[in-house]
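Dear colleague,

I am passing on the structure we spoke of, and it is shown just below. My notes on it come after, for you to read with the model open.

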Amino acid sequence: MRSYEVLTPVLVFGLHGENGTQDYTLKRGDVVELPEEHVAVRAMLARKQIREVEAARSHKSKK
């Protein structure tokens with residue numbers, strides 16, 4: 001899992017995994033941990049909807 005910051009005004013998506021579907025509704029500036037190997041995460045990176053951030057900054061979203 002890596003930390004990513006949302007760059008678009010609103011980002012709504014779902015990730016299918018071993019534990020079912022995890023739905024996300026995020027807004028610009030939110031930092032979230034996502035699995036870097038998931039095809040949806042790679043697509044959002046390519047479209048510049050999210051960007052990878054260092055782990056120290058990811059604690060901001062947990063407050």
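Predicted model: local features only at pLDDT ≥ 70, side-chain atom pairs only at ≥ 80, totals over all residues.

Of its 63 residues, 33% count as buried, while the chain exposes about 4500 Å², 50% of which is supplied by carbon and sulfur atoms. Where contacts link residues at least 6 apart in sequence, 54% of them join residues at least 24 apart.

Three of the strands make up an open sheet, in the order E4-E1-E5 and with antiparallel pairing; its edges are strand E4 (31–34) and strand E5 (50–52), each of which pairs on one side only. Neighbouring strands in this sheet are turned against each other by 40° on average, direction ignored. Helix H1 (residues 39–46) packs on the sheet and touches E1, E4 and E5, its direction making about 100° with that of E5. Between strand E1 (residues 2–6) and E5 there are three bridges, and Glu 5 stands opposite Arg 51 in E5.

A search of the whole structure also turned up one aromatic pair, formed by Phe 13 and Tyr 24, which are stacked at 4.9 Å centre to centre with 15° between the planes. Phe 13 belongs to strand E2 (residues 10–17) and Tyr 24 to strand E3 (residues 20–27), so the pair ties together parts that lie 11 residues apart in sequence. Both Phe 13 and Tyr 24 are buried.

Definitions and conventions. Residues numbered from 1 in each chain as written. Heavy atoms only, no water. Phe/Tyr/Trp six-rings, centres within 6.5 Å; stacked < 30°, edge-to-face > 60°. Helix = DSSP H or I, 4+ residues; strand = E, 2+ residues; numbered from the N terminus. Buried < 20%, exposed > 50% of the residue type's maximum accessible area, 1.4 Å probe, protein only. Contact = heavy atoms within 4.5 Å. Areas by Shrake-Rupley, 256 points an atom, 1.4 Å probe, with all protein chains shown as cover. Pairing = 2+ DSSP bridges. Axes fitted to C-alpha atoms, helices over the stretch in contact; angles between N-to-C directions.
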